[in-house]
Amino acid sequence: MLALFVLSPVLLLIAFLVRVKLGSPVIFRQQRCGKHCRLFTLLKFRTMTDECGPDGQLLPDHERLTSFGQFLRSTSLDELPGLWNVVRGDMSLVGPRPHLTDFLPLYNEREASRHDVMPGITGWAQINGRNAISWSEKFELDIWYASNVSFWLDVSILLRTVKQVVLRRDISAEGYATMPRFMGTQQSQDTGGR
């Protein structure tokens, strides 16, 4: 609540700029998986346009991501509305990043254990490669965090997140607006998912 109050001028300015540069809605809402796979609506500032191709389908992410949207992502300013998710109890400041609901049937049992803890705005995977590492590496980092969570680990992650944001490192995988879509591990596919 304190962060929302202190950052309210920044939030209002970004909201105004998003409205002018990208249009409405200013806030992007999407269903994500929380602790114990409970679904919640994630809030972020919008970073892409709604441009469609001749077939009426949305263009690929990299074609809809504007330079302003890229700036918001690279500085993690697009994540600020997620503080409201923290206040609501959907998320924590630190934890595995919440995934799309489409991923649920693709997890194997080990991967699904990342949901034993609250998802976070930042996390162990975010300060150890973010989107520049593979899905399997992300899962290993998330699983390690879920098994070793502690107050001092969270403090360390928050401090290292500041450095990561300032340096704007590991924002996207090469050739992608963020990173390739998770399609499930071989083990997930062999066992039919979770």
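**Salt bridges and cysteines in a predicted model**

Good morning. Glu140 is partly exposed, with a relative accessible area of 40%. I begin with this residue as a way into the structure, which is a predicted model.

What does Glu140 pair with? Its partner in a salt bridge is Arg110, and the closest N and O atoms of the two are 2.5 Å apart. Arg110 belongs to helix α6, residues 109–112, while Glu140 belongs to helix α7, residues 135–148, so this pair ties together parts that are 30 residues apart in sequence. Arg110 is partly exposed, at 45% relative accessible area.

Helix α7 brings us to a second pair. Asp142 and Arg114 form a salt bridge, with 2.8 Å between the closest N and O atoms. Asp142 lies in helix α7 and Arg114 in the loop between α6 and β4, so parts 28 residues apart in sequence are tied together by this pair. Are these two residues buried or exposed? Both Asp142 and Arg114 are buried.

In general, side chains of opposite charge can pair when their charged atoms come close. The search of the whole structure finds 8 salt bridges.

I turn now to the cysteines. How many disulfides are counted? The count is 0. A disulfide is a covalent bond between the sulfur atoms of two cysteines. For Cys33, the closest cysteine sulfur is that of Cys37, at 6.0 Å, which is too far for a bond; the cut-off is 2.5 Å. Cys33 counts as buried, at 1% relative accessibility, while Cys52 counts as partly exposed, at 42%.

Finally, the chain as a whole. The protein chain has 9 helices and 4 strands. Read from the N terminus, the order of elements is α-α-β-β-α-α-α-β-α-β-α-α-α. Of the 194 residues, 45% are buried. Among contacts with a separation of 6 or more, 69% come from residues 24 or more positions apart. The chain exposes about 10700 Å², and carbon and sulfur atoms supply 60% of that area.

To return to the opening residue, Glu140 in helix α7 is joined to Arg110 in helix α6. Thank you for your attention.

How values were computed: Residues are numbered from 1 along each chain as its sequence is written. This is a predicted model: local features need pLDDT of at least 70, side-chain atom pairs count only at pLDDT 80 or more; totals for chains, interfaces and linings use all residues. Side-chain values use heavy atoms; hydrogens and water are left out. Helices (H or I, at least four residues) and strands (E, at least two) are DSSP runs, numbered from the N terminus. Buried means under 20% relative accessible area, exposed over 50%, partly exposed in between (1.4 Å probe, protein chains only). Contact means heavy atoms within 4.5 Å. Accessible areas come from the Shrake-Rupley method with a 1.4 Å probe; for residues, only the protein chains shown count as cover. A salt bridge is a side-chain nitrogen of Lys or Arg within 4 Å of a carboxyl oxygen of Asp or Glu.
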